Amino acid sequence: PGLNNFLDTPNRKLLQYLLEMLSVHAVGNAEQWSALYIWGEQSSGKSHLLSALAEWVRQNGGKVARVEGELDKLNANEYGRRAEIYLLDDVELLLGDAHGERALLTMLESLRQSNAMLVTTGGKSIASLNIALPDLASRLQAFQQFQLLALADADKREVLQQRAHQRGIVLSEEVLNWLFTHTGRELGMLLELLERIDSFSLEHKRKVTIPLIRSILEVSTAP
């Protein structure tokens, strides 16, 4: 994944803000913490965006940590030491549960004190989230908030072509049309399939064709 894939899309303003914040935090020059909440429907590409952010930070010499699952398993004092930038997908998984919300609140306070950057995602706007702890609700409401707009099919095709080009893969219009007709239009799924296509075509020394993609899909669905 790459952040450039998002630049020529309806999410340009979000990406410009992210790049501005990342350029400060990735080199450890931040004088205060930054907190960003990105929300959108399931197929909008939130997880793909976080992966692209992680890649950008590493390529630019920064440290990034993806925080998943049970936050209480991590020592609160470790936050801010492990990385400059933290990524948390599907924050709703922690909400509505007192234990999860307290762990999240502890993390937010630790990151604030260390001038770190947090990017988190969810499926609803912050005002629509089910948050039990008032302190957590007020903290989240102070986040910079953006809606990630789902890409049109033309934008998804462009992203797929860019990623294929980076891998040295030639995707014909015929192949692209077949992919969008027979495999769905969710961007993350298409990018994962592209990785499998790349590996399979290299292993078998075959160019990318519809029969090759059919073979990959048949293998993945075989009992």
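I count a salt bridge when a side-chain nitrogen of Lys or Arg lies within 4 Å of a carboxyl oxygen of Asp or Glu. I am working on a predicted model.

**Entry 1: salt bridges**

I searched the whole structure and found five salt bridges. I started with Glu173 and Arg157, whose side chains meet at 2.7 Å, N to O. Glu173 sits in helix α7 and Arg157 in helix α6 (residues 153-166), so this pair ties together parts 16 residues apart in sequence. I looked up the accessibility of Glu173: the relative accessible area is 49%, so Glu173 is partly exposed.

Next I took Glu195 and Arg167. Their closest N and O atoms are 3.7 Å apart, and I list the pair as a salt bridge. Glu195 belongs to helix α8 (residues 187-204), while Arg167 is in the loop between α6 and α7, so the contact ties together parts 28 residues apart in sequence. Glu195 is partly exposed at 37% relative accessibility. Arg167 is partly exposed too, at 31%.

Then I checked Glu109 and Arg112. They form a salt bridge with the closest N and O atoms 2.5 Å apart. Both residues lie in helix α4, three residues apart, or about one turn of the helix. An α-helix has 3.6 residues a turn, so residues three or four places apart point the same way. Glu109 comes out at 22% relative accessibility and counts as partly exposed. Arg112 is also partly exposed, at 36%.

**Entry 2**

I traced the strand order next. Five strands form an open sheet, ordered β2-β3-β4-β1-β5, with parallel pairing. β2 (64-66) and β5 (144-147) are at the edges with a single partner strand each, so one side of each has no neighbour in the sheet. I get an average twist of 15 degrees from one strand to the next.

I then went through the pairs. β2 and β3 pair in parallel over three bridges. Here Arg66 stands opposite Leu87 in β3. Strand β3 (residues 85-88) runs parallel to β4 and is joined to it by four bridges. Leu88 has Thr120 in β4 as its bridge partner. From β3 the chain passes through helix α4 (residues 98-113) to β4, a right-handed β-α-β crossover. Strand β1 (residues 34-39) pairs with β4 in the parallel sense over six bridges. I noted Ala35 opposite Leu118 in β4.

**Entry 3: strand β4**

Is β4 buried or exposed? Six of its six residues (117-122) are buried, so β4 is largely enclosed by the rest of the structure. I checked each face. Met117, Val119 and Thr121 are buried on one side, and Leu118, Thr120 and Gly122 are buried on the other.

**Entry 4: helices and core**

I looked at what lies over the sheet. Helix α3 (residues 46-59) lies across β1, β2, β3 and β4, and runs at about 155 degrees to β2.

Which residues of the largest nonpolar core touch the most other members? They are Leu104, Leu108 and Phe143, out of 25 residues. β1, β3, α4 and α5 (134-141) each supply at least two residues of this core. α4 gives the most, with five residues.

Last, I went along helix α7 (residues 173-182). Val175, Leu176, Trp178, Leu179 and Phe180 are buried there. Just after α7, I found Gly184 with a positive phi of about 95 degrees.

Technical notes:
Residues numbered from 1 in each chain as written. Predicted model: local features only at pLDDT ≥ 70, side-chain atom pairs only at ≥ 80, totals over all residues. Heavy atoms only, no water. Buried < 20%, exposed > 50% of the residue type's maximum accessible area, 1.4 Å probe, protein only. Pairing = 2+ DSSP bridges. Right-handed = clockwise from strand over helix to strand, strands pointing away. Axes fitted to C-alpha atoms, helices over the stretch in contact; angles between N-to-C directions. Contact = heavy atoms within 4.5 Å. Core = buried A, V, L, I, M, F, W, Y, C linked by side-chain atoms within 4.5 Å.
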